[in-house]
Amino acid sequence: MGSTASARNGTWRNWGGTVAARPAREVTPASVDELTAAVRRAAEDGLPVKPVGSGHSFTSIAATDGVLIRPNLLTGIRDIDRTGGTVTAEAGTPLKRLNVALAREGLSLTNMGDIMEQTVSGAISTGTHGTGRDSASIAAQIRGLELVTADGSVLTCSEKENPDVFAAARIGLGALGVVTAVTFAVEPVFLLTAREEPMPFDRVCAEFDQLHAENEHFEFYWFPHTGNTNTKRNNRSAGPERPVPQVKGWFEDEFLSNGVFQVANWVGRAAPGTIPAIARISSKALSARTYTDIPYKVFTSPRRVRFVEMEYAVPREALVETLRELKAMIDRSPLRVSFPVEVRTAPADDITLSTASGRDTAYIAVHMFKGTPYQGYFTAAERIFTAHEGRPHWGKIHTRDAGYFSRVYPRFEEFTALRDRLDPERRFRNDYLRRVLGT
Ligand SMILES: Cc1cc2nc3c(=O)[nH]c(=O)nc-3n(C[C@H](O)[C@H](O)[C@H](O)COP(=O)(O)OP(=O)(O)OC[C@H]3O[C@@H](n4cnc5c(N)ncnc54)[C@H](O)[C@@H]3O)c2cc1C
């Protein structure tokens with residue numbers, strides 16, 4: 001996977017380099033039975049248990065000093081139900097493997113995030129999402145779950161079976177049990193036409209409601225220190241397939257978006273005063289393009305330049321005001337920000353601790369190049385986001401605690417009550433969960 005390192009000295013690190021942990025031991029179960037045995041043994045030894053995915057969370061949500069459960073041998077497709085339109089994947093399956101396997105079967109998820117390095121269980125556990133007018137996060141596409149709970153038993157849930165568990169465990173923060181299999185709704189593979197186009201910041205803000213209403217998947221990147229954005233609209237298409245030509249794709253997605261961008265960030269880190277000029281050039285480097293391809297090739301792209309990120313979900317109607325406040329804050333401050341701010345949307349869903357739970361949502365994500373101080377920027381941004389009742393992504397940097405979450409999630413206590421029932425001894429505890437859930 002190349003994303004997390006369990007270095008020879010036994011230290012686990014996340015992709016963003018923000019978290020390191022030294023587990024007491026590591027286990028790589030090859031079956032649900034082996035996993036169950038590992039959870040029971042940890043209980044006998046009085047150790048906490050933490051399954052990890054591919055370490056793509058920026059928070060310490062996956063960190064443990066107890067038993068670290070690796071997903072590497074719990075992978076693959078368990079079942080395809082064409083009549084029911086579902087596919088069941090082993091929890092450790094990387095999303096890229098799932099996407100490729102589905103495409104081979106003529107199937108696809110409806111919506112997804114912008115990379116596919118994460119595992120299925122890791123992605124759903126923090127509420128990983130893309131952008132959508134009608135379709136929501138990856139977890140919202142789940143039809144059934146299987147998990148091993150703290151007492152070592154296997155629990156299955158769906159809308160009909162253990163619906164209270166299903167409501168919460170789709171985005172379970174790793175707090176309710178170890179997910180072993182996930183059943184997703186899938187549909188026959190379809191084509192999306194992507195239109196990428198630069199647009200002035202003021203125009204995107206003025207026309208945001210319309211752009212969102214007219215497109216199945218609308219998102220944009222605003223470049224701080226400029227009035228420029230790059231917009232992306234993805235809509236279903238009858239074809240024909242017109243992928244980005246290979247050489248052009250390499251030049252734009254690898255050379256410009258990763259290679260040149262990496263160098264620009266090195267320069268910016270060494271000489272922050274150059275960042276506004278670099279941002280003006282970067283924001284103009286990519287010209288408009290249109291292409292048509294299968295979903296995962298349109299939604300996802302490689303992200304090789306390492307960064308740290310904070311992302312908040314605000315009520316969709318508060319997006320433009322929140323974004324203008326963020327821009328004003330950056331314009332007024334001495335901050336130099338070399339990474340674009342990303343804006344996406346999701347419709348309201350019914351998952352207890354989903355960032356889009358019960359409300360139409362817009363996401364605003366701020367990033368900093370790895371190795372650049374980010375605290376000042378993120379603290380100022382977080383002040384703006386929380387003033388709009390923002391809900392932070394569970395896997396991205398934030399400073400909120402249980403007191404805050406009980407105010408911004410109307411069903412917060414439903415989740416903690418279920419946790420009390422499924423994991424009274426806090427077998428799946430870590431410091432992060434203690435902070436965000438209160439115990
Ligand atoms: C480059 C990059 C791009 C990203 N793009 C997006 C994006 O487009 N949209 C978005 O929303 N997020 C995005 N993220 C965030 C990322 O999707 C989430 O942090 C996700 O949770 C990471 O998945 P993972 O497999 O790496 O899990 P990890 O980070 O390793 O773990 C996350 C959580 O899942 C739990 N977990 C893992 N396996 C299990 C299991 N079997 N049972 C129970 N709990 C389990 C862990 O204990 C932990 O609590 C991005 C991150 C990076 C670094």
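Buried means under 20% relative accessible area, exposed over 50%, and partly exposed in between, with a 1.4 Å probe and protein chains only. This is a predicted model, in which local features need pLDDT of at least 70 and side-chain atom pairs count only at pLDDT 80 or more, while totals for chains, interfaces and linings use all residues. Residues are numbered from 1 along each chain as its sequence is written, and side-chain values use heavy atoms, with hydrogens and water left out.

Lys-327 has 19% relative accessibility and therefore counts as buried. Lys-327 sits in helix 9, residues 319-332; helices (H or I, at least four residues) and strands (E, at least two) are DSSP runs numbered from the N terminus. Beyond its neighbours within four places in sequence, Lys-327 is in contact with Phe-201, Trp-222 and Thr-226, where contact means heavy atoms within 4.5 Å.

Five strands form an open sheet in the order 7-8-12-10-11, with antiparallel pairing; two strands pair if DSSP finds at least two bridges between them. Strand 7 (77-81) and strand 11 (154-158) are the edge strands, each pairing on one side only. On average, neighbouring strands of this sheet are turned by 15 degrees against each other, direction ignored. Axes are lines fitted to C-alpha atoms, for helices over the stretch in contact, and angles run from 0 to 180 degrees between N-to-C directions.

Six bridges join strand 10 (residues 142-148) and strand 12 (residues 178-185) in the antiparallel sense. Val-148 has Val-178 of strand 12 as its bridge partner. Helix 1 (residues 32-44) packs on the sheet and touches strand 7, strand 10, strand 11 and strand 12. The direction of helix 1 makes about 50 degrees with that of strand 10.

## Salt bridges

The whole structure contains 29 salt bridges, each a side-chain nitrogen of Lys or Arg within 4 Å of a carboxyl oxygen of Asp or Glu. One of them joins Arg-70 and Glu-26 at 2.9 Å, N to O. This pair links distant parts of the chain, 44 residues apart: Arg-70 is in the loop between strand 6 (67-69) and strand 7, and Glu-26 is in strand 4 (residues 25-27). Arg-70 is buried at 11% relative accessible area, whereas Glu-26 is partly exposed at 33%.

In another salt bridge, the closest N and O atoms of Asp-420 and Arg-426 are 2.6 Å apart. Asp-420 is partly exposed at 41% and Arg-426 is buried at 14%. Salt bridges that share partners join Asp-114, Arg-303, Glu-309, Glu-311, Glu-342, Arg-344 and Lys-396 into one network.
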